[in-house]
Amino acid sequence: MATDRRAGAGLAGVVGLGAMGSGIAEVFARGGWSVVGLEEQPDALDRARQRLAASTARAVERGKLDAAGAEALTARVSWATDVAALAGCDVVVEAVPEVPELKRAVFSKLDAVLSPDALLATNTSSLSVTALAAGTSRPGRVVGVHFFNPAPVQPLVEVVSTVLSDPAAVARARAVLEELGKTTIACRDRAGFVVNALLVPYLNHAASWYEHGYATREEIDAAMVAAGLPMGPLALLDLVGHDVTHAVLHRLHGQTGERRHLPTPLLTSLVEGGLLGRKSGRGFYTYAADGSVTDDPGLVPPPPGSRAGELPEALLVPYLNDVLTMVGVRYTSAADADTGMALGCRMPKPFDQLAALGPATVLARQQQVFAETAEPGHRPAPLLEQLAAADDPDLALHALRTADEHAGRAGLR
């Protein structure tokens, strides 16, 4: 039975109490913190109360919380419509919709009421944390905290620092989250952070394969599930929502300028047509009212010359190349890349996949991809070339993972 973790507990504020914000408020309350949840409209507060009640009831039903614990948790949460109620908070997490102007307005209001040493965090998956921090009088105390949905259940949080961040504030954010039972990985403020920067291009690549008629949607999804992934990429795109993926891709493309980060035209057409996946009832697949997949002919005719035999490596290898590019420039560590993809996406650890295939095999396949596409982002990562050229690639991989694990624990990047 779960118990409260009260070490280091204080007063937390959460601004924006949609599904994610309500979940973040619950995370703090479960950890023994007092929480002030803020929404400007009373009806939004009522919906947040209902979400919290429903979530704690599910936890009791599943044996994750007893009735007394659920009652105590609920009692630790208060509700407000006036930002002044957050004045005494030690930590405030902003979780309003992903609209820059809206987030900046929230930060401006918080800036006026919080104490100078309060920690201010934004839960964003795609916007610039640096730009938000620069608009406050306390840029060193602003960090990004990217929770995964549902926040009370998902263990991973990406902690995002900026060029303006005080290292002590970043360390404080990680300490607070880990006291709350979360696993954190650290990254700097780049599009997609770690998890989405690796996951979303892989999903876009899968959509492109389908659009070009290289394989059917069923062949693509089945091949990746057989490779150990929990869900096929096209089914996952439908689950995430094509509008969400589309927005992340545009942010990635805006930073990298690489064509492979532009949404594939089919994905853009789906968004423009309102076919957003499960939430709209149709995407790459069509869904019945109960969420089951219905029988439909699909969006693309069966391929005349199938390349399904190249799967899963055709999609897996470029993804692994992206991982090694990211680790090679010290944006993240091998250990954090493994942790991020395993906990954030429930995917196999990428360095386990690399070890299983072998660096030399991955390099040879990535060279073929680069020769076919001529995309700069498909150029084999220097770190991949180094691993493939090592006298003992397995030993080199082990050394990389061990060294990066120590670096990650020390907070080094």
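This is a predicted model: local features need pLDDT of at least 70, side-chain atom pairs count only at pLDDT 80 or more; totals for chains, interfaces and linings use all residues.

Residues are numbered from 1 along each chain as its sequence is written, and side-chain values use heavy atoms, with hydrogens and water left out.

By nonpolar core I mean a set of buried Ala, Val, Leu, Ile, Met, Phe, Trp, Tyr and Cys residues joined through side-chain atoms within 4.5 Å. Buried is under 20% relative accessible area, exposed is over 50%, and partly exposed is in between, with a 1.4 Å probe and protein chains only.

The largest core has 86 residues, and Y319 and F351 are among those with the most contacts inside it. Helix α7, residues 195–211, gives the most to this core, with 11 residues. Helices (H or I, at least four residues) and strands (E, at least two) are DSSP runs, numbered from the N terminus. A second, separate core has 36 residues, including A12 and V157.

Now the backbone. The peptide bond from N149 to P150 is cis, omega near 0 degrees, and P150 sits in the loop between β6 and β7. L311 and P312 are also joined by a cis bond, with omega about 5 degrees; P312 is in the loop between α11 and α12.

F193, not a glycine, has a positive phi of about 55 degrees. F193 lies between β8 and α7, in the loop, and is buried at 2% relative accessible area.
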